[in-house]
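Here is a quick tour of a few local features, with the cut-offs spelled out along the way. Have the viewer open and follow along.

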Amino acid sequence: MALQGSFQSIDIPELFTLLLHLRKTGVLSLVNESRERGFLFCEGNLVYATSKDESKRLGSYLVRLGFLPPADLQMFFGEVRSKEECFGERLVAKGLLSPQQLRTAVKLQIIDILKDVSAWERGAFHFDETELPFEIPSSGLISTQSVMLDIARQTDERREALAHFPDPRIVFRPTRLASTAGLTGEQKVILDLVDGSRSVEQILCCCAAGVKKASIILAELHRSGIVEKRGIQVQRSFRSYVPDLSSLPISPSVPATLLSVFVSEDEEDQKRRLVNVLSKEPLLAAKLLKTLTLNNLDACRSDISLARIVSLLGLFNVRCSLLPEVARGLFFPQKQWFWKELWEHSQYCAQLARAIARKTAYPYPEEAELAGLLHNMGAFLLLHHEPRRYLRVIDDSVRLQRDLEDLEHETYGITHSKLGSKYAEKWKFSGMLQLAIKSHHNFADSSGSQLLRIVSAADAIVQESGLRIGYQGRTPQQVDELLGRLRVARSEAEDLCARIRRTSDVGFAAKDAETSQEVLETL
């Protein structure tokens, strides 16, 4: 059974109470326009929560509570694991963490993430009822009822704390008069947390005495002149030309298509259809590859194919990664910014790269296909971030016959290839994939890597076939030289491309957004 809806139809406490009452097991995805959170349930109670926010990962809570040194956390992040393993359980198995410590950290994480979601003005949910592919953690389940009661209590305590500190971003530091003489044990604990960098909110969160009591003690230290205000903590943000990838640009038909895939009871059918969807959606494929690489699942270079990525992750992890995009696409659809040619260019480039790889006996044709699919990651990000502005850049590039990357650099301070490579590096993609994404426009670099030659050649031939993504200032002679290094005749490459374009199953629900100019007119 699947449940889905908006926060307008049912609020968070009611939803959690319903899942508890029905004793449901599965994954609850909560999304808004740009964020996603997840909660894993077993018979109505909670196993753990997930968040893209690094400060709300389980490891950060283990360090914050003093259960795990930062060095041990980094060591475990670098270990290879299997898809069934849970991070906390590995620590317990190695004797570095007790089941009770893990339970305490998980409950704090769940409460924090749930409070964060409760503050959203708009939201939607999708509950996927599915069996868990692993045993219940030794720390046991977290009572859903106790979590809801704790949140209600902490909400009341926070309200009282705000009476002392209306702005929780205030940062305090010890004064020259600061001394531990005459202070109680609890006052000393709070004073130790005042280091000139932590905000009031962070201090109250770190203190085991509770938010209400900690706020009273901190206010007393301030009145006594032991601590003083230093300033306001300001969160750093991305510059506009390096957007945070908080949600994925996907074509309009994908959410409904994925739902139809996931209702199938045949796992092999699900995998086959998933690979078909991923082969048409570069950023969905990138998200799954990111899940694979950041979780250090054991994969070798020959494993880098869409089918193998799905197999290595397992259907449970694939569903957990993709269902938030389903909910967001259904309840928060994007404006008609969808640009059909960009998607088609990536698909044809992927298929042509695979064909050229096989023709040249490149040992990893699936890797070439994935590199072709992902090579324009940065263009998708720029289009998603500022559709009107980016499409103007594309049109100006063609109209003025100016190289696209030159105009991108003038407009954003970065090119789509460099932006895509920044994310590829952040997500720990292989060095070969990073290079293909970063340098597929730079023919001068393509002599050092066979994969880069293949992707650059495929991109150039697809551009010449009519699916142009802006103007590129490379000459036919440069393309011929590149094909010569691959020992592929231009006529052969063009014939492969024409055959792929005739026979490929490429289709989108693009409606009236057929060209960049038509997209601009709909915005």
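## A glutamate in a strand

Let's start with Glu-36, which sits in strand β3, residues 36–42. Strands here are DSSP runs of E at least two residues long, helices are runs of H or I at least four long, and both are numbered from the N terminus. This is a predicted model, so local features need pLDDT of at least 70 and side-chain atom pairs count only at pLDDT 80 or more, while totals for chains, interfaces and linings use all residues. Numbering runs from 1 along each chain as its sequence is written, and side-chain values use heavy atoms, with hydrogens and water left out.

Is Glu-36 buried or exposed? It's buried, because its relative accessible area is 11% (buried is under 20%, exposed over 50%, partly exposed in between, using a 1.4 Å probe and protein chains only). The side chain of Glu-36 makes a polar contact of 3.3 Å with that of Lys-287. Such a contact is a pair of N or O atoms within 3.5 Å; within protein, one must be able to donate a hydrogen and the other to accept it, and residues adjacent in sequence count only if both atoms are side-chain atoms. Beyond four places in sequence, the contacts of Glu-36 (heavy atoms within 4.5 Å) include Trp-120, Pro-324 and Arg-328.

## Helix α1

Helix α1 covers residues 12–21, and its buried residues are Ile-12, Leu-15, Phe-16 and Leu-19. Looking down the axis of α1, these fall within an arc of 95 degrees, so they line one face of the helix; the arc is taken from the directions from the helix axis to the C-beta atoms. The general rule is that an α-helix has 3.6 residues a turn, so residues three or four places apart point the same way.

At the start of α1, a side-chain oxygen of Asp-11 comes within 2.9 Å of the backbone nitrogen of Glu-14. After α1 comes Arg-23, with a positive phi near 55 degrees.

## α12 against α16

Helix α12 (residues 282–294) packs on helix α16 (residues 377–385) at about 110 degrees, with the axes 10 Å apart. Axes are lines fitted to C-alpha atoms, for helices over the stretch in contact, and angles run from 0 to 180 degrees between N-to-C directions. That makes α12 roughly perpendicular to α16 (65 to 115 degrees; under 35 is roughly parallel, over 145 roughly antiparallel, and the rest oblique).

On the α12 side, Pro-282, Leu-283 and Ala-286 meet Met-377, Phe-380 and Leu-381 of α16.
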